[in-house]
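Work through the exercises below with the structure open. Try each task before reading its solution.

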Amino acid sequence: MDNNVQSTPWYRKIKISRILLYGVLIAYALVSVLPFLVMLSTSLMTLGEANSGRFLPSLGDDSDITNCIVYRREEVFNEEGVPEIKTHFVIDVAPEAEQAQYPGFRSTTVEPDPTQEDIFSIPFFTNYCGAWEGGDLGRYMLNTVRITAIQVVGTVIFVTLASYAFARMEFVGRELIFAILLATLMIPAIVQNLPNFLTVTEIGRWFGASGLGLCGEKANCWINNWPALTIPFMATAVSIFLLRQHFATIPDELWDAARMDGSGHVRFLIQIVLPISKAALFVVILFAFIAAWNDLAWPLLVTNGPDWRPISVGLQSFFDGEQNFPNLRMAGAMIAILPILLLYAVTQRTFIEGLSQSGLKG
Amino acid sequence: MATETVSQKSQPSTASHRLLSGRSKRILRENLTAYLFLSPALLIVFAFGIFPIFFAGYVSLYKWRIKQNEYRGLANYVTAMGDVAYVFFFLIAIALAIVGILEIVKVVRTSKKQEMPFYVPFLSLIPGAIIAYGLLEIILRLITRFAQQEAIDAGEASVLGNIWLGLVLILIGVVLSLIVRRLQSRLSDNRLFLPDFTIPAVAIVATLGLAVILGSFTLEQLQQSERYGLAVVRIAYLASALVLLAIGYLIWMWGARQDSNRRLLLSIIAATVFIAGGVWLATIWPVVSKGADVKFYESLAATVWYSMLTVPVQLGIAMALAYMLYQPIWGKGPLRVIYFIPYIAPAVATAGIFSVLFSLRPTSFANQILVALGGEPVKWLSDPGNAVGTLLESFGLISPATASSVTFGPSLALLVVIFYNIWVFVGYDTVIFLAGLGNIPNTLYEAARIDGASSWKLFRHITFPLLSPTTYFLSVISIIGTFKAFTHIYVLRTPAAQGTMDTASVYFFVTFFRGARFGFSTSMAIVLFVIILVLYLIQNRIAQRSVFYG
């Protein structure tokens, strides 16, 4: 493709058009990253700074604007009477202008309290530690990793088997079943989510205390537990499609040679197909990870406590709770985005190619 | 599935008609292994991908608030849509009937091509009906298995269908289909290429059966309705408008096949009929949907605005960017990586960023830009007012009174969601367009250049038409994506926006999750599903004409 345009370099005759080209491309690149830059900058601000509308944080040397969030830990008793450490935020010196402008703005003035831990005064630590602890983001991230791990195991087994059958086996109804599989992509998730919630509740009850009793005392084995979060997504049409496309490219000679040596489908799959399909499998695993990190509606339905809640739900409820603290919210967003960005930086090639083959997000 | 396994097993390559010859045995084993490999994935896809649609249909017929309550028939649909619900179901029944008849036509055509007596393929209808009925028994049983015991005890729900009966029927159907097949091949002159009619037969019986059941069910519900007379009048109104639109379409299609003089005349007539139908529809719609859930229609309208304003802008920007990136320039790779970042970042987090950027504070990022451009700060995500009116007012172009009289278009809050969506998906679309551009052969450009085509002409006459498969794919994905959109809207929504930014998916979720009105919200979800299906079919139809697959 480079050839083709080099042979007639229309832009070389008119330099301005080239500048324009770069100008537009770079301008859009700026649009793409600007929100992230604002996030980074706001996450380093004090509340006063964040609300003042400045673009860069003072990082503590602007004495006019004081840090007015106090990050406080308290011991409270929950419903079952067990003490729990709760972290919450109060405004120390509430800017009066803010209060006048926005009635209802939370503006508790903190009285000197010996039990209060007023930990950090530098915005960086206040915001990031505040978001980390206040939103319990560490726990939710760990949950997400756990969910992804379970889902990946299931996906690799189920999807590999199914894709292999679609790609390398002759069976009746192959086209029909594959067409039905692809048709499920057209179904809006909301139509599936609502009844699936009832299905999952019912299945969970079968396994629960009043049924088979597979999960001890719990009445429901699936809700608020990993099966509800992972099993429905262990075989998705996208991943089957992707892997099937890859398996179909494996030359028939390999299969003939393997069969000559007396290996059946299972051995061929495990010893030959899987090792040469690592890249495709990696894409499928990436998908599972992204989906677990992104999905909100389904985890909202099937989790009601922090035990298995993924980061999406955790972050959403953190955003909900800290409406009036843009700096904290930005820090929380930063914490949630960072792992994905790192993953993206390391694997961007696979990422872009894999996703451009599939056309779907979470 | 087992049905097809065996039925085609008997497809003999030669005159040998024994059921299990050595070759057949091998094929059977291959089939069994394949289904063994497939079964876990298929089980999951069926249980959580396909079954929920049928189950949603069942739930939507009940009052279901956490627990299953009494049977309500179409009442949930009527609550959501008004009397339009009856029309809606009649239309689905008619559509199903048309699909079934088209299938029959296809079968008849095949039989003509194969030069066999016309009744030969129709023998398959007997096993087809038995198999379809068996499948129905199993699906009904599975659906009602999830009905709640209390509801069953109270006589408000009943367990229908029988899995064993279903399985036995399917087995009988399969055996019958084998026998019918042998009979058919004996009746037909051309034995070698005789296709298997069992699967089409099952499809025909199922669609026609469903059409009849749905039609009679709707009729029965309509007769039981308290406002029977009123509803009938409304349905007649709506039907007249739809018939007008259909006539307009038919004239248009007819005109397209005529020579140019007549075509012009017919197009004018078609346009007139269309406009008349549209105006009539717009006039009677408020009457027909009286008593419906206003928020349901508002959420659909929000979805349509969202979709209409997002998809073209997003695809336009992406196509332009991709075309520019495709030139040999420095930094192509890094730019692509940067464009992709918004897409890759977790949606909850990026939506969280936008909710801060577009907050109602006068000092928020978006407001500062607005002020820099010479406007007054607005409330963005917390503003339920019309976007165009509010923004024009912000720049002092119209008075507040005029601004509040503008009602056509999305709310300002929804506009932010549209911005967000464009920002996220442009990068993805650009990457796909780049892949599409790579598939266009260079020789075409070279030839055109020799003929002296300008670069705009190259784009207009080569790139744009040859890119149409990619454009089509992306527009399907994007439109369906906007209808599915949930996560970012749920994060961005504010109480102050008064639900003006709730698209269909979000509104249904909220009625389900917060309102716990399971029956009501699944009924609306089914309506959305049908709308998406119709949109997809229309898009498909348009694409057949204007997408060039080279």
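**Exercise 1: One residue and its neighbours**

List the residues that Leu492(B) touches, leaving out those up to four places away in sequence.

Solution. This is a predicted model.

**Exercise 2: The nonpolar cores**

Which residues touch the most other members of the largest nonpolar core?

Solution. Step one: take the core as a whole, with its 202 residues. Step two: pick out the residues that touch the most other members. In chain A they are Ala162(A) and Ile240(A). In chain B they are Ala41(B), Val416(B), Leu492(B) and Ala525(B). Step three: find the main contributor. Helix 17 of chain B, residues 412–438, gives the most to this core, with 17 residues. Step four: look beyond it. Another core, of 17 residues, lies apart and includes Val107(B), Leu169(B), Phe197(B) and Ile199(B).

**Exercise 3: Where the chains meet**

How many residues of chain B are in contact with chain A, and how do they divide by class?

Solution. First, count both sides: 88 residues of chain B contact 81 residues of chain A. Next, find the element of chain B that gives the most to its side. That is helix 2, residues 22–59, with 19 residues. Last, sort the chain B side by class: 63 nonpolar, 18 polar and seven charged.

**Exercise 4: Domains of chain B**

Name the domains of chain B and say how far apart the centres of domain 1 and domain 2 are.

Solution. Chain B has domain 1 (2–225), domain 2 (232–288) and domain 3 (294–343 + 413–546). Over C-alpha atoms, 36 Å separate the centres of domain 1 and domain 2 of chain B. Each of these two domains gives five residues to their contact.

Conventions
Residues numbered from 1 in each chain as written. Chains lettered and ligands numbered in written order. Predicted model: local features only at pLDDT ≥ 70, side-chain atom pairs only at ≥ 80, totals over all residues. Domains from an automatic or database assignment. Contact = placed C-beta atoms within 7 Å. Core = buried A, V, L, I, M, F, W, Y, C linked by C-beta atoms within 7 Å. Buried ≥ 20, exposed ≤ 12 C-beta atoms within 10 Å, placed from the backbone. Helix = DSSP H or I, 4+ residues; strand = E, 2+ residues; numbered from the N terminus. Nonpolar A, V, L, I, M, F, W, Y, C, P; charged D, E, K, R; others polar.
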